[in-house]
Amino acid sequence: MFTDFNVQLQFSEDEALIRLAGSLDASTAARLQDAMQEAAHNRPGKLVIDATELTFMASAGLRCLVFARQKMGSEVDIIVLGAPPPVVHTIRMAGFDRSVQLRES
């Protein structure tokens, strides 16, 4: 259904930044999970997920966030930055806003 999706991973000092654009669903989630696996391998102090260009997130996206939390460990801050209201709503409805920080910018 939703197939337009892009993931970019960057590292700087003690931070991993993942930029997302498009629709995150079951058909695209593996690409995000791969980026999160690579980020975890580099052991950053903080993971920032720039979701300003994310247009949709299905439950597969939530599973990716759970995966990131498990891989990074509780000592690593995970920040979801600039997510649009429908994505924030999905994260909050799942109760996952207690495991990640939601920030507007």
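**Reading strands, crossovers and a buried loop residue**

Modeller: Gladly! Let's begin with a strand pair: β4 and strand β5 (residues 101-103) run parallel and are joined by three bridges. This is a predicted model, where local features need pLDDT of at least 70, side-chain atom pairs count only at pLDDT 80 or more, and totals for chains, interfaces and linings use all residues. Residues are numbered from 1 along each chain as its sequence is written, and side-chain values use heavy atoms, with hydrogens and water left out.

Biologist: What makes two strands a pair?

Modeller: DSSP must find at least two bridges between them. Strands (E, at least two residues) and helices (H or I, at least four) are DSSP runs, numbered from the N terminus. Here, V80 has L102 in β5 as its bridge partner.

Biologist: How does the chain cross from β4 to β5?

Modeller: Through helix α3 (residues 85-93), in a right-handed β-α-β crossover. Right-handed means that, with the strands pointing away from the viewer, the path from the first strand over the helix to the second runs clockwise.

Biologist: Which strand does β3 (residues 46-57) join?

Modeller: Five bridges link β3 to the parallel strand β4 (residues 77-81). The chain crosses between them through helix α2 (residues 59-72), again right-handed.

Biologist: Is V76 buried or exposed?

Modeller: Buried means under 20% relative accessible area, exposed over 50%, and partly exposed in between (1.4 Å probe, protein chains only). V76 counts as buried because its relative accessibility is 6%. V76 lies in the loop between α2 and β4. Beyond neighbours within four places in sequence, V76 is in contact (heavy atoms within 4.5 Å) with P44, G45, K46, L47 and R69.
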